[in-house]
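Please read the following note alongside the sequence and the model. It is written as a colleague's commentary for a reader who is new to protein structure.

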Amino acid sequence: QSDTGVHIHWKGAAELVLSSCKSWLSLDGSVQPMGAQKRNEYKKSIEDMAKSSLRCVAFAYCQCDIEKIPKEDIADWKLPEEDLTLLGIVGIKDPCRPGVRSAVQLCKNAGVKVRMVTGDNIETAKAIALECGILDANGVISEPFVIEGKAFREMSEIARGEIADKITVMGRSSPNDKLLLVQALKRKGHVVAVTGDGTNDAPALHEADIGLAMGMSGTEVAKESSDIIILDDDFTSVVKVVRWGRSVYANIQKFIQFQLTVNVAALVINVIAAVSSGDVPLNAVELLWVNLIMDTLGALALATEPPTDNLMKRQPVGRREPLVTNIMWRNLFVQAIYQIAILLIFNFSGKKILRLQNESPDNAEKMKNTFIFNTFVFCQIFNEFNARKPEERNVFKGVTKNHLFMGIVCVTTVFQILIVEFLGKFFKIVRLNWSLWLVSVAIGVVSWPLAYLGKFIPVPVRPLQAYFKPCWKSSRRDEEEGRQG
């Protein structure tokens, strides 16, 4: 500041500040006019630094008469943006964190496309994206894969929708450009996750299906607008989010497969037995214990499976894909048909097969029903192992590392022994001899090789529910036509 005026200093994106400069400050302190040659020299320096993944910042100033500076409402004063004098340009290195490149590759292998939306110069953005592995050095690094925010912003909504899938890097973008990209991707049916730390990122974080805010550098507004807060501000934590998200989804599917198998088998056995003979082999108290295994202990055992590396090799699940897949239906039917067939055989011919003719009719009936109940429970205990790996043939992989699973299986087995041997009066059952115990366990063990062989059965790509949609739609249409008639 001098007696006659003040210097107003500017800093910002190098190429934008440079475009407003009419002069430059030399080393001897003299102000030189900005010629075309000198401007090109500076542009070349900016491009060279940007290609080396440096973030370029320019500093400039302009002189202003002190009388022109408002005494009040200085916040509303429109600063002069022309006739600036360039002071200097610096390149700031912002290196990638260790492990980011491998994390990006893991996301790609998992079918998650990583896009970079930044306010940096397009050349800087390209260089950083190449360093991180977001862009492939041998791939296409021109439009529309690499685009400036201004070009994307000025497109029509239809045009943005057409190129949204292709965009990998967006440079010189405003916060609104990020929001427009999120909206375009969502309209195309994609599940979109957005990371951000600033207040300006809040609209995009809120609009995304999953907002990931930075816990260390993020503002409170960004954190409130997000769904998940990354405490260490590291992209590798995004991979952990994906792993655990997929693990929870896979564990729910495992539990549903296990639960449906138990329900289908118990329902069919009791209904067929009740219709044919008027008596049911599984009474209410026994079914209560089976439901306790299925709902409480089964959920704890299967829902606590830790994430595996195989989860990151799967493709993402679409918004409209069914929760119960064709693979789950196949596994379910294989086990349910086996359990229904074997237990119904014992229900109708159990006395003869188990050689209970020498027993009194009442005791023989109780022993047969106790055997069916015991066998049914052991079928579920062994099938719990099968439910761990719906798609893999080796269902025992990593089972010993899940101590909770092993503990629950042991607790269930111990309780079953106690129920049959000591709580007969309460469950209306009788004790079994060692040979019947062995037969029960042997029938349960058969579910393991059966599950292994069942996984060789091919399943159609089209979901099972889709085969019933035409029938459902036609019946609805006929019903509506009937009403109109």
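The numbered points below go through selected features of this predicted model.

1. Strand β2 and its partners. Strand β2 covers residues 21-25 and pairs in the parallel sense with strand β5, residues 84-93, over three bridges. Strand β2 is also joined by three bridges to strand β3, residues 31-33, and there the two strands run antiparallel.

2. The hairpin of β2 and β3. Five residues lie between the two strands of this hairpin, and G29 takes a positive phi near 90°.

3. Residue W10. This residue belongs to strand β1, which comprises residues 5-13. Is W10 buried, partly exposed or exposed? Its relative accessibility is 22%, and W10 therefore counts as partly exposed, since the buried class ends under 20% and the exposed class begins over 50%. W10 and C62 are 52 residues apart along the chain, yet their C-alpha atoms are separated by 8.3 Å.

4. The sheet of β9, β10 and β11. These three strands form an open sheet in the order β9-β10-β11, and the pairing is parallel. The edge strands are β9 (193-196) and β11 (228-230), each of which pairs on one side only. From one strand to the next, the twist averages 25°. Between β9 and strand β10 (residues 210-214), which run parallel, there are four bridges. In one of these pairings, A193 has I210 of β10 as its bridge partner.

5. D233 is placed in the loop between β11 and α10. Its phi is near 55°, a positive value in a residue other than glycine. With a relative accessible area of 12%, D233 is buried, because that class covers values under 20%.

6. Helix α10. Just after the helix, G278 takes a positive phi of about 80°.

7. The packing of α12 and α17. Helix α12 (residues 326-353) packs with helix α17 (residues 447-454) at an angle of about 140°, and their axes are 10 Å apart. The crossing of α12 past α17 is right-handed. On the α12 side, the contact is made by R330, V334, Q335 and Y338; on the α17 side, by S447, L450, A451 and G454. Sorted by class, the contact has four nonpolar, three polar and one charged residues.

8. Residue K428. Where does K428 lie? K428 is in the loop between α15 (424-427) and α16 (434-445). K428 has a positive phi of about 60° although it is not a glycine. Its relative accessibility is 67%, so K428 counts as exposed, the cut-off for that class being over 50%.

9. A point for comparison. In accessibility they fall into separate classes: D233 is buried, whereas K428 is exposed.

Note on methods
Residues are numbered from 1 along each chain as its sequence is written. This is a predicted model: local features need pLDDT of at least 70, side-chain atom pairs count only at pLDDT 80 or more; totals for chains, interfaces and linings use all residues. Side-chain values use heavy atoms; hydrogens and water are left out. Axes are lines fitted to C-alpha atoms, for helices over the stretch in contact, and angles run from 0 to 180 degrees between N-to-C directions. A crossing is left-handed if the near helix is turned anticlockwise from the far one by less than a right angle, and right-handed if clockwise. Contact means heavy atoms within 4.5 Å. Ala, Val, Leu, Ile, Met, Phe, Trp, Tyr, Cys and Pro count as nonpolar, Asp, Glu, Lys and Arg as charged, and the others, Gly among them, as polar. Two strands pair if DSSP finds at least two bridges between them. Buried means under 20% relative accessible area, exposed over 50%, partly exposed in between (1.4 Å probe, protein chains only).
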